[in-house]
Amino acid sequence: MGILLATYMIFSFRKITKKVKKANKSISKNTQLVAYKPLFTVHNFKAQYLAFFSLLKIELKSVFKSLQFIAILIMWLAIVFSELYSTVISGGEYGVSQYPFTNQLISLIVNPLTLFSLILIIFYSAEIVWKERSLNFSLIIDAVPTKNSVFFLAKLFAILLLPVIIITTGIIMCILFQISLNYNNFEFGLYTSLYYHLGLQFAVFSMIALFINSLVKSKYLGMGIFGFIVLLSFKSDALGLEHPLTSLGFMPRISFTNMNGFYGSLSLFNHLAMYWLSFGLLLVFISFKIWNRGVVANFSTKLKQFKYGFTSIQKVLSYLLIVVFIGFGSLIFYNMSIVSEYETRADNLDFREQYEKKFKQYEDLERPYSISRKTEVAIFPKESRYTLKADYILKNGSDQPLSKVFVTERLPLESITIKNANLVTHDCVYGIYIFHFEKPLQPNDTVRYTFELKHELNGYETDKTIVNNGTYITHRNFEPILGYSSGIEITDKVERKKRNLPKREKDIISDEHIALQDFNNEKTNFETIISTSSNQTALSSGSLVKKWSENNRNYYHYKSENKVIPMIAYLSASYKTKKVDYKGISIEQYYDSAHSFNIEDIENSTKQTLDYCEENFGDYAFNHVRIAEIPSHWSFGGFAHPGVISMVEDRLYLVDVRNNETFNLVAKRTIHEVAHQYWGHTLSAKPVAGGSIFVEGFAKYTEAVIMEKMYGKRAVYELSENARRRYFSGRSFASDLEPPVYKVLGQGYISYGKALHVMLALRDLIGEEKVNYVLKTLTDTYRNSNTLEANTIEFLDLVYNVTPKKQHHLINDWFKKVVTYDLSIKESSYVELENGTYEVKAIIKAKRFETINNGEIVPIGINEPIKVGVFTTHPSLVKEDSSVLYYESNLISDDITEVKFIVSETPNYIAIDPYGTRSDENLVDNVYRF
């Protein structure tokens with residue numbers, strides 16, 4: 001304490017111990033007097049021009065030298081590098097890379113670009129405006145003979161250039177990645193579009209920031225207010241300001257796909273750009289008028305300053321900006337609210353509430369279904385419109401006479417008729433039609449049903465189904481719903497309570513319900529004539545009956561040979577085509593001419609799938625497989641229609657699988673969708689709980705088996721690992737109690753996740769041959785059935801029949817209960833024997849848990865055979881069987897089990913359930929390295 005006290009007493013910021021020598025006085029004896037001469041300065045345009053760039057240079061130099069800017073720029077470049085590297089080089093989904101097309105790279109950096117640009121604007125707009133005052137240098141600067149406009153514009157352009165720097169560095173990083181990957185189609189025009197489609201919005205925010213900082217009395221207040229405004233602008237819908245005219249600085253996101261080009265409301269963007277730009281420039285003009293030099297003025301002073309001193313040019317400019325602002329605002333309002341009908345979130349909720357209140361009474365009304373569909377579709381891609389004429393045959397599949405039909409339209413209809421029925425109610429607000437039959441339609445009787453529609457976009461409407469190149473229209477986009485649609489109802493419990501709506505009743509799902517409940521649905525005959533522009537090809541389900549050209553349009557007539565599931569689609573694009581006849585089946589590929597990278601892999605995978613499925617599950621149902629590319633603005637990977645498969649460009653065609661060591665995602669996705677021609681279209685499940693096992697569960701199983709035959713066990717490892725992550729991630733966020741696999745009803749984390757685990761476990765238990773026998777038996781039973789009857793109760797009965805009775809409890813655990821595992825290799829060792837073989841010993845730790853009806857997870861016992869493997873390489877890298885030294889089922893009947901066995905080579909890895917047949921959240925401890 002004494003030392004601290006002494007230090008305090010003698011410490012001083014002044015250096016008082018150093019002696020200062022006195023300077024010698026020098027006396028100038030002969031001082032020459034110089035007459036005063038005024039210094040002439042130049043204030044012409046060139047001088048102001050040079051002063052502007054000099055000040056701009058000073059402003060930017062001060063920014064570039066600041067540690068904050070350097071830190072932000074480094075973070076930005078690090079994130080861009082990480083995003084690009086993780087997707088383009090190290091691999092995205094399944095560790096697979098994509099070809100570095102410019103739009104692919106831009107899509108990876110757009111979100112962080114927005115964040116970092118706004119951070120720079122928020123921070124440096126205040127720093128730049130308040131720089132001289134922060135340094136107490138403002139009075140000197142403000143005294144120099146330089147125009148206000150020069151100082152003001154230098155600061156404005158310094159702020160505007162900050163997001164330009166971020167965009168430019170991001171573009172440079174993308175180009176460097178393309179160069180490193182020997183890709184030379186840089187598409188500079190697409191890169192340049194970033195300055196318009198993103199940079200313009202940042203420019204508007206920069207102008208708002210300048211205005212805010214011109215009004216406030218401190219830079220930190222300016223930062224806070226503008227940052228708060230930015231946050232509100234992104235959450236404007238929560239404040240009821242979701243209309244583009246009131247959502248500050250809002251401009252719709254414009255995306256780009258290789259196949260279709262720019263996608264989004266370009267007209268709305270252009271008009272909003274003028275609207276917000278004129279608004280921003282008005283704020284800049286006001287900021288300039290209230291810009292003061294010297295001591296900071298209060299608000300009233302600035303208001304007086306704004307009122308006076310308008311020059312003629314300033315008046316004309318301000319009036320022009322006001323006219324542009326009001327003019328484009330009016331144009332936007334006209335297109336959004338008059339030409340088309342603008343709907344807020346509240347409007348949508350009101351619509352859904354009233355629909356339920358008005359028409360819920362018709363929910364239990366028996367509804368007919370279609371057994372024959374004939375359509376004429378005319379697609380006009382450049383005009384973003386299509387017309388459709390439909391001629392259906394409806395059937396009363398119930399056991400009661402049908403006296404009325406309730407119809408809910410998806411798109412506005414030009415006309416709708418039901419033969420021998422009168423239209424008694426038409427509510428154009430809710431798109432409702434109610435028909436009364438002149439004479440009740442008797443059970444199993446049929447009636448003709450027709451409708452027409454013209455779908456065209458008005459105002460700023462967008463519709464990704466109809467685009468310039470890559471139109472993809474499904475029956476769910478236009479087909480009226482026969483009956484009351486519960487899908488329109490509000491599902492949010494809080495919102496329903498707020499609007500005094502009753503609680504939604506949950507269906508009671510029992511085994512009897514799954515097995516016995518009848519559903520009025522059948523496969524249907526299908527025939528269509530599609531026309532499109534002369535430079536495009538139109539596709540749909542069915543055999544191609546005829547093709548012709550007329551009036552500068554192409555026509556295609558398709559007709560199904562047998563009844564099909566009515567999941568129909570209509571496609572149109574400028575396609576390059578490759579067709580090959582394979583064992584009587586036409587494999588047809590339709591793709592963008594610039595996306596031919598994976599065509600051979602797609603063809604080979606299709607052949608492998610057809611071979612395996614025909615050998616194990618019976619004849620293929622069609623004489624063709626059409627695989628068609630659609631634009632990447634669709635978020636799914638692919639979709640299987642009868643005989644036709646739509647595949648998204650960046651999820652299949654732009655995937656880079658040239659490296660044989662990477663997982664072949666092209667093969668995986670192709671196999672899965674071709675398998676759906678069996679699982680979904682040949683074997684069609686009853687639309688009840690458990691039905692998705694027949695669609696996604698069996699397709700995932702087929703995908704895994706064929707991938708293993710083509711690429712070894714490493715492919716199964718990747719597939720099961722992806723399914724594991726999806727399952728445990730999905731169940732952790734699920735709001736409802738998890739159902740068992742055989743009762744899955746819309747839970748994707750089960751259909752695409754756990755379903756694969758249980759099917760692989762079933763294969764290990766009874767063998768692939770018996771699993772395929774069960775699937776083939778089901779397929780043969782319902783192959784020629786027009787009704788949808790297959791269900792999980794019947795499937796499990798067949799499984800029980802081919803499974804030893806002592807193992808039925810495992811079938812129940814996997815399919816009828818919610819059971820998870822915790823498996824691990826606790827320790828392991830090996831010794832070399834005299835004969836040159838190796839004895840391996842391992843202690844396995846195994847636990848099982850069941851989620852019971854109240855959601856509680858309880859531990860349960862274990863008594864089942866589980867695969868244990870010994871490998872020379874990690875199980876995820878196994879390509880050839882030579883890497884597998886031992887892979888057999890071992891009975892695991894206790895929490896701790898010791899196993900031992902003999903292998904012929906030096907083991908490197910041992911694993912319990914290495915290929916994910918059990919739902920185990922942690923696979924890391926399943927593998928033990930010696």
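Lys879 is partly exposed, with a relative accessible area of 36% (partly exposed falls between buried, under 20%, and exposed, over 50%, using a 1.4 Å probe and protein chains only). This is a predicted model, where local features need pLDDT of at least 70, side-chain atom pairs count only at pLDDT 80 or more, and totals for chains, interfaces and linings use all residues. Residues are numbered from 1 along each chain as its sequence is written, and side-chain values use heavy atoms, leaving out hydrogens and water.

Who does Lys879 pair with in a salt bridge? The partner is Glu661, with the closest N and O atoms 3.5 Å apart (a salt bridge puts a side-chain nitrogen of Lys or Arg within 4 Å of a carboxyl oxygen of Asp or Glu). Lys879 sits in the loop between strands E27 and E28, and Glu661 in the loop between strand E23 and helix H20, so the pair ties together parts 218 residues apart in sequence (helices are DSSP runs of H or I, at least four residues, and strands runs of E, at least two, numbered from the N terminus). Glu661 itself is exposed, at 53% relative accessibility.

In one of them, Arg918 meets Glu864 at 2.7 Å, N to O. Here Arg918 is in the loop between strands E30 and E31, while Glu864 is in strand E27, 54 residues apart. Both Arg918 and Glu864 are buried.

Shared partners also join Asp350, Glu353, Lys357, Glu495 and Arg499 into one network.

**The whole chain**

Zooming out, the protein chain has 26 helices and 31 strands. Of its 930 residues, 52% count as buried. Its C-alpha trace spans about 125 × 90 × 55 Å along the principal axes.
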